[in-house]
Each structure stands twice: as C-alpha cells, then as structure tokens.
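This briefing goes through one protein model by topic. Please keep the sequence and the coordinates at hand while reading.

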Amino acid sequence: MDTVVFGPQRPPIIDVYTTPGANTWTNRVGATVVESIVIGGGGGAGSGRRGAAGSDRYGGGSGGGGGFSFRFYRASGLGATETVTVGGVSAGGAAIGVDNTNGSPGLSLGDSRFSATTALYCYAYGGGAGSGGTNAAGVAGSGGGGSFVGSAGGASSVAATAGPGVGAPQASSGGGGGGGIDAANVHRAGGAGGTITSRGQPGGAGGAAGGGVGTAGVSVTDLQHAWGGGGGGGHDDGAGGDGGNGGLYGGGGGGGGASFNGFASGKGGDGAQGIVVVISWF
C-alpha cells in the first residue's frame with residue numbers, strides 16, 4: 001500500500017466555487033493530494049392551497065436538503081484542469097390566488113459535482129422539490145443523495161416535526177430540509193444542516209416558523225462545514241405566509257402556508273444554491 005505523507009512545508013490552497021453552473025478548477029503545481037467537498041442545492045418548496053371558506057386547505061410540502069459528498073485524490077491522477085459544477089437556486093412554487101386551487105410545486109435544480117469524468121467525480125444531488133398543498137397533505141421533497149448518505153426531506157404539511165438534517169457516520173445530509181405546516185395549521189421550523197462525524201461540526205440552524213412568514217435557514221461560515229439550515233414553514237392565518245428560504249448552502253425551502261378565499265396562499269421558499277470547495281495539499 002502506498003503512503004502519502006502530509007508535511008508542513010506549504011499551506012494548502014483552498015478554492016471555493018459559489019457561482020452556479022460550470023466552473024474550471026486548475027491543478028496546482030507541486031500538490032500531492034486534493035480534497036473535494038461538494039454540497040448540492042436545496043429543493044424548492046411547494047406553495048399552499050387556497051380554498052373557499054370551510055374547505056380543506058393545506059400548506060405546501062417543503063424542499064429537501066441538498067446532498068453532501070467529499071473525496072480525496074492523488075493530485076497526479078487528476079487532469080491539468082477539472083470541471084466544477086455548482087447547483088443553482090431552486091425556486092419555490094408560486095403563490096395561489098384563485099379559490100379551490102392547489103398550490104404549485106417547487107423546483108429541484110441543484111446537482112453539484114467535482115470533475116466531469118465518471119471515474120473521478122465527487123457528486124451530490126440537489127434536494128427534491130416539495131409538492132403544492134392540496135385538500136390533502138403537501139409532500140416534502142426527499143433529500144439529495146451523493147457518494148454518501150443523503151438527507152431526509154423536511155416536514156410535510158401534516159408532519160409534526162421539523163425537517164431532519166442528520167448525517168450517518170462518515171457521511172452527511174448536507175443542507176437541512178425545510179419546515180412545513182401540520183394538520184392543525186401549526187407551522188414548523190426547518191431542519192438543521194447535517195453533521196459529518198469525521199469533522200465533528202454541526203450544520204446551519206433551521207429557520208424559525210414565526211407568526212406568518214417562516215424565516216430563512218442559518219448558514220455556517222466555516223467553508224468545510226458550510227451546510228445551511230432549511231427554511232421555516234409559512235403559517236395558515238387567513239393570508240398564507242410564505243415559506244422561508246433555505247440557508248446557504250444547500251438548505252431546502254420551507255413550505256408555503258395555505259389560505260382561504262379573499263387571500264393569496266403563501267409562496268414556497270426557495271432552495272439555497274450549492275457549493276464546491278477544493279483543497280490542494282502540498
């Protein structure tokens with residue numbers, strides 16, 4: 001077995017990519033080992049249903065948190081350049097202003113990866129989109145997977161708990177799922193970002209589900225632990241509150257609140273974009 005020795009001769013170079021779409025990474029002269037850290041974007045949440053007076057109405061399902069993955073490479077095994085793809089923002093479903101109309105679903109556009117070569121890539125899928133509220137439960141989007149375990153989705157409109165964001169050993173959920181609305185019209189907070197055991201750091205906090213509009217998830221500033229919390233769910237209170245946006249990076253959007261006639265439903269929160277961090281060790 002070959003052994004790679006990390007020496008103190010030169011500090012590492014950290015390249016951070018936050019521009020959605022394709023980017024180019026350049027292999028550093030003299031580097032021995034390269035680490036890629038990849039987080040997919042969070043899924044957009046669904047908007048709430050607008051019902052006539054006395055009719056059933058439910059909030060939209062929340063977006064799932066973006067997946068997380070990391071990988072080490074020998075620098076000599078990589079190309080002179082590699083493609084870096086950053087997952088973009090996934091919009092939440094639009095507010096509804098017509099009686100007896102179901103909410104609109106969110107979007108899921110958040111896949112992120114390092115390298116375009118299948119044998120080399122480090123991949124993290126974006127979180128799934130939440131469905132729009134109907135006269136039944138809005139469904140939460142699933143969490144994005146990757147080379148490691150993906151996150152669960154956030155709370156749906158009938159769930160009574162916040163969206164989870166818990167990582168398995170040597171894995172992580174990435175961004176937290178968004179919060180939603182339960183059957184008693186209680187609005188729920190978004191889930192926290194995941195924790196990876198080998199790094200031992202928590203992700204960002206979930207957004208609060210305050211009276212009316214849910215707040216955005218909280219981001220984490222340490223670039224090696226940049227997992228955003230999910231947005232809080234919007235409240236059903238006449239006019240449906242908007243779901244909170246997912247926190248950077250990878251937090252799922254919070255579900256939009258429902259409404260009754262005369263008021264617009266809440267918009268689904270947007271899923272936060274992804275991020276790719278590449279560390280070159282010498």
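Predicted model: local features only at pLDDT ≥ 70, side-chain atom pairs only at ≥ 80, totals over all residues.

Residues are numbered from 1 along each chain as its sequence is written, and side-chain values use heavy atoms, with hydrogens and water left out.

**Overall make-up**

- The protein has twelve strands and zero helices, where strands (E, at least two residues) and helices (H or I, at least four residues) are DSSP runs numbered from the N terminus.
- Of the 282 residues, 52% are buried; buried means under 20% relative accessible area, exposed over 50%, and partly exposed in between, with a 1.4 Å probe and protein chains only.
- Among contacts with a separation of 6 or more, 67% are between residues 24 or more positions apart; a contact means heavy atoms within 4.5 Å.

**Sheet β1-β12-β3-β5**

- These four strands form an open sheet in the order β1-β12-β3-β5, with antiparallel pairing; two strands pair if DSSP finds at least two bridges between them.
- The edges are β1 (13–17) and β5 (68–74), and each has a single partner strand, so one side of each is left without a neighbour in the sheet.
- From one strand to the next, the twist averages 15 degrees. Axes here are lines fitted to C-alpha atoms (for helices, over the stretch in contact), and angles run from 0 to 180 degrees between N-to-C directions.
- β1 and β12 run antiparallel and are joined by five bridges, and I14 stands opposite I279 in β12.
- β3 pairs with β12 over seven bridges, also in the antiparallel sense, and I39 has I275 in β12 as its bridge partner.
- β12 is mostly covered, with six of its seven residues buried.

**Sheet β2-β6-β7-β8**

- Another open sheet of four strands has the order β2-β6-β7-β8 and antiparallel pairing.
- β2 (21–26) and β8 stand at its edges with a single partner strand each, so one side of each is left without a neighbour in the sheet.
- Direction ignored, neighbouring strands of this sheet are turned by 15 degrees against each other on average.
- Three bridges join the antiparallel strands β7 and β8, and the bridge partner of F114 in β8 is C122.

**Nonpolar cores**

- The largest nonpolar core has 17 residues, of which Y17, W25, L78, V84, F114, V276 and V278 touch the most other members. A nonpolar core is a set of buried Ala, Val, Leu, Ile, Met, Phe, Trp, Tyr and Cys residues joined through side-chain atoms within 4.5 Å.
- At least two residues of this core come from each of β3 (33–39), β6 (81–86), β8 (122–124) and β12 (275–281).
- A second, separate core of eight residues includes I39, F70, I275 and I279.
- Leaving aside neighbours within four places in sequence, the contacts of F114 include W25, L78, V84 and V278; also among them are S36, Y73 and C122.

**Local backbone features**

- Most residues other than glycine have a negative phi, and most peptide bonds are trans.
- The peptide bond from L248 to Y249 is cis, with omega near 0 degrees, and Y249 lies in the loop between β10 (239–240) and β11 (259–260).
- N100, not a glycine, has a positive phi of about 55 degrees. N100 sits in the loop between β6 and β7 (112–114) and is partly exposed, with a relative accessible area of 45%.
- S115 likewise has a positive phi, near 80 degrees. S115 is in the loop between β7 and β8 and is buried, with a relative accessible area of 0%.

**Surroundings of S90**

- S90 is found in the loop between β6 and β7 and is buried, with a relative accessible area of 0%.
- A polar atom of the S90 side chain lies 2.7 Å from the backbone nitrogen of L109.
- Leaving aside neighbours within four places in sequence, S90 is in contact with residues including G42, G43, G44, L109, D270 and G271.

Definitions and conventions. Polar contact = N/O pair within 3.5 Å; in protein donor to acceptor, adjacent residues only side chain to side chain.
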